[in-house]
Amino acid sequence: MSAIDFNVIHNDRGCAARSGSLTTPHGRIDTPIFMPVGTQATVKAMTPEELCEVGAQIILANTYHLYIRPGHELVERLGGLHSFMHWDRPILTDSGGFQVFSLGELRKISEDGVRFQSHLDGSYHFISPERAIAIQEALGADIIMCFDECPPYPAEYDYVSRSADLTTRWALRCREAKSRDDQALFGIVQGGMHRDLREKSASELRALDFDGYAIGGLSVGEEKEAMHRVMGYCGPLLPDNKPRYIMGIGAPEDLVEGIYSGFDMFDCVMPTRNARNGMLFTSSGTINIKNASHTEESAPIDEGCGCYVCGNYSRAYLRHLYRSGEILASRLNTWHNLYYYLSLMADARKAISEDRFTQFRQEFYAKRERQPTIDR
Ligand SMILES: [Zn+2]
């Protein structure tokens with residue numbers, strides 16, 4: 001018995017895109033969906049009420065960061081992540097694997113798990129698949145992830161192959177370690193940019209019957225073309241009747257390509273991080289609010305955007321806030337960028353329901369005067 005219930009509502013007749021409904025212990029999510037990233041149990045600069053206002057249905061929190069500080073046991077004593085951060089909608093936690101492997105020299109991998117040093121104080125820690133599950137059970141998200149090894153890019157074929165095998169053995173250990181029945185567990189397909197390894201990984205993980213499946217190991221420095229190619233052939237490798245999630249992706253065009261390839265869930269720091277750096281998303285591409293061209297611009301970020309920021313503030317004012325180092329700059333920029341991402345998802349769902357996602361994709365690129373990286 002799974003803690004979640006996933007139903008495909010409509011398969012687009014013109015491509016692999018699909019819309020669906022994912023029911024979790026903390027509510028229902030419409031798919032395809034983008035999950036804002038709340039690394040430290042907060043989506044930077046936004047209150048939970050504001051997240052609801054921009055259309056967030058589920059957020060992601062980072063296990064590694066919360067384990068290091070304030071500690072998963074403290075979060076558990078305070079009632080779990082939902083209560084701790086005052087967010088009563090669905091949450092997904094990653095396994096910490098990606099952050100641990102990003103530590104580079106500070107970590108050592110063995111069959112049993114990973115020994116690493118904290119990026120904060122250099123203290124030593126050990127995370128095994130069993131430990132990753134225990135930490136995520138203490139945090140209490142609706143969806144938790146298997147502990148995986150994310151190989152660097154580029155890496156030798158043999159290394160990526162051994163790494164994907166290790167991830168499969170760890171996935172089995174994660175499944176066996178899981179004890180809460182009110183959390184769903186997703187498996188993570190690895191295999192780098194190698195199609196045969198992705199196929200093997202997906203097939204072995206499918207045999208373990210997870211509640212959902214993710215593609216890991218993308219957006220690690222590869223060319224966009226390679227990323228989109230992997231997405232294209234990985235979609236069909238995953239079960240039709242389970243949620244399909246691409247981890248850590250991406251830019252708006254990556255989401256469009258992911259949906260086109262049949263994926264349902266996405267997360268990325270891009271809308272929030274870029275907002276704090278003055279990079280804003282619009283229907284015709286990205287703008288940099290720092291640019292002098294916006295100095296006296298009375299128009300909003302995006303004339304067609306229905307968000308609170310675009311309804312009330314000019315580019316000139318937002319540029320002034322940014323240059324003055326005002327806190328409100330981060331808040332308003334984040335507000336708009338998240339609204340943009342979540343509206344893109346809502347528009348995609350509507351297009352799928354009308355069997356016109358292929359056209360939606362063409363229009364998306366046309367508005368940006370760009371082409372897809374892969375013609376398919
Ligand atoms: Zn806006």
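In this predicted model, K224 and D254 form a salt bridge in which the closest N and O atoms are 2.9 Å apart. The pair connects distant parts of the chain, with K224 in helix α9 and D254 in helix α10, 30 residues apart. K224, D254, E253 and R370 belong to one network, joined by salt bridges that share partners.

**Salt bridges**

- Side chains of opposite charge can pair when their charged atoms come close.
- The whole structure contains 20 salt bridges.
- E253 is buried, with a relative accessible area of 9%, while R370 is partly exposed at 38%.
- A further salt bridge joins the side chains of R356 and E354, with an N to O distance of 2.6 Å.
- R356 counts as partly exposed at 26% relative accessibility, and E354 is likewise partly exposed, with a relative accessible area of 39%.

- Helix α10 covers residues 252-260 and includes Y260.
- Y260 counts as buried because its relative accessibility is 11%.
- Leaving out residues up to four places away in sequence, Y260 touches C15, A16, A17, F357, T358, R361 and R376.
- The C-alpha atoms of Y260 and K367 are 18 Å apart, and the two residues are separated by 107 residues along the chain.
- D264 is located in the loop between α10 and β14, the latter comprising residues 265-268.
- D264 has 0% relative accessibility and so counts as buried.
- Apart from neighbours within four places in sequence, the contacts of D264 are F6, R18, T31, P32, I33, K242, P243 and R244.

**Largest pocket**

- The largest pocket holds about 770 Å³ of space.
- Its lining consists of 38 residues, of which F98, Q99, G248, D267 and V269 are the closest to the centre.
- At least two lining residues come from each of α5 (97-102), α9 (224-234), β14 and α11 (270-276).
- Helix α11 makes the greatest contribution to the lining of the largest pocket, with five residues.
- By class, the lining of the largest pocket comprises 17 polar, 13 nonpolar and eight charged residues.

**Second largest pocket**

- The second largest pocket has a volume of about 340 Å³.
- It is lined by 15 residues, and those closest to its centre are S283, Y340, L344, D347 and K367.
- The lining of the second largest pocket divides into six nonpolar, five charged and four polar residues.

**Overall fold**

- The chain has 15 helices and 16 strands.
- Its radius of gyration of 20 Å agrees with a compact globule, because a globule of 376 residues would have a value near 21 Å.
- Along the principal axes, the C-alpha atoms fill a box of roughly 60 × 45 × 40 Å.
- Of the 376 residues in the chain, 57% are buried.
- Among contacts in the chain with a separation of 6 or more, 67% are between residues 24 or more positions apart.

Notes: Residues numbered from 1 in each chain as written. Predicted model: local features only at pLDDT ≥ 70, side-chain atom pairs only at ≥ 80, totals over all residues. Heavy atoms only, no water. Helix = DSSP H or I, 4+ residues; strand = E, 2+ residues; numbered from the N terminus. Buried < 20%, exposed > 50% of the residue type's maximum accessible area, 1.4 Å probe, protein only. Contact = heavy atoms within 4.5 Å. 1 Å grid on protein atoms, 1.4 Å probe; cavity = no way out; pocket = protein on both sides within 12 Å on 5 of 7 lines; lining within 4 Å. Points joined across faces, edges and corners; volume = space filled by probe spheres on them. Nonpolar A, V, L, I, M, F, W, Y, C, P; charged D, E, K, R; others polar. Salt bridge = Lys/Arg side-chain N within 4 Å of Asp/Glu carboxyl O. Rg over C-alpha atoms; globule rule 2.2 N^0.38 Å.
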